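Hi everyone, thanks for coming.

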Amino acid sequence: MLADTHAPRRWRVCPPRVAEHLRTADRILHAGDVCTAAVLAELAEYAPVTAVLGNNDGPDVAEWGAPRTAELDLGGLSVAMVHDSGAGAGRVARLRRRFPGADLVVFGHSHIPLDESAPGAPGAPAAPGLRIFNPGSPTDRRRQPHGTLGLLQIEDGRLIKTAIVPVT
């Protein structure tokens with residue numbers, strides 16, 4: 001998973017340490033602020049791409065096919081994507097309301113990597129929890145110690161493993 005690549009200012013071509021991970025990807029999720037559709041075309045050379053629009057994305061990214069939000073099934077796991085998840089306070093509850101059927105919500109915008117699990121919805125003890133994941137940015141780390149990307153391992157409709165991987 002990627003977010004906030006901010007091409008061409010921050011991404012001129014796929015960085016080698018990012019490409020190492022993309023070569024083994026079954027699917028690439030980009031949580032917005034691609035900034036140019038050329039990046040999506042480059043990513044599609046590695047694996048099928050699902051991307052959402054970020055606040056810095058131009059018309060060419062929308063024309064490529066990136067919507068504001070996306071909901072997809074990845075091997076039986078219900079995944080939702082949005083660029084800006086809003087403020088940290090109340091984030092899980094807000095995303096649960098926005099994407100009630102999602103097992104995992106992937107987002108970007110803050111450039112701050114985050115992998116957080118929350119229990120099922122209040123009043124529904126049998127309801128599954130919600131995982132929220134921000135892969136950070138591989139190219140614009142801002143105040144983070146490293147540029148990062150995210151990895152998911154999904155088997156039989158279950159999220160088996162997640163990782164936030166430093167790439168700078």
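Is strand E4 (residues 77-82) mostly covered or mostly uncovered? Mostly covered: five of the six residues in E4 are buried, where buried means under 20% relative accessible area with a 1.4 Å probe, counting protein chains only. Strands here are DSSP runs of at least two residues (E), helices are runs of at least four (H or I), and both are numbered from the N terminus.

A word on the source. This is a predicted model, in which local features need pLDDT of at least 70, side-chain atom pairs count only at pLDDT 80 or more, and totals for chains, interfaces and linings use all residues. Residues are numbered from 1 along each chain as its sequence is written, and side-chain values use heavy atoms, leaving out hydrogens and water.

Now, the neighbours of E4. Strand E3 (residues 69-74) runs antiparallel to E4, joined by six bridges; strands count as paired if DSSP finds at least two bridges between them. Leu74 stands opposite Leu77 of E4. Two residues lie between the strands in this hairpin, and Gly75 takes a positive phi near 60°.

With strand E5 (residues 104-106), E4 pairs in the parallel sense, over three bridges. Here Val79 has Leu104 in E5 as its bridge partner.

Stepping back, the protein chain has four helices and nine strands. Buried residues make up 46% of its 168 residues. The radius of gyration, taken over C-alpha atoms, is 15 Å, which agrees with the value near 15 Å for a compact globule of 168 residues, by the rule of 2.2 Å times the number of residues to the power 0.38.

Note on methods: Buried means under 20% relative accessible area, exposed over 50%, partly exposed in between (1.4 Å probe, protein chains only).
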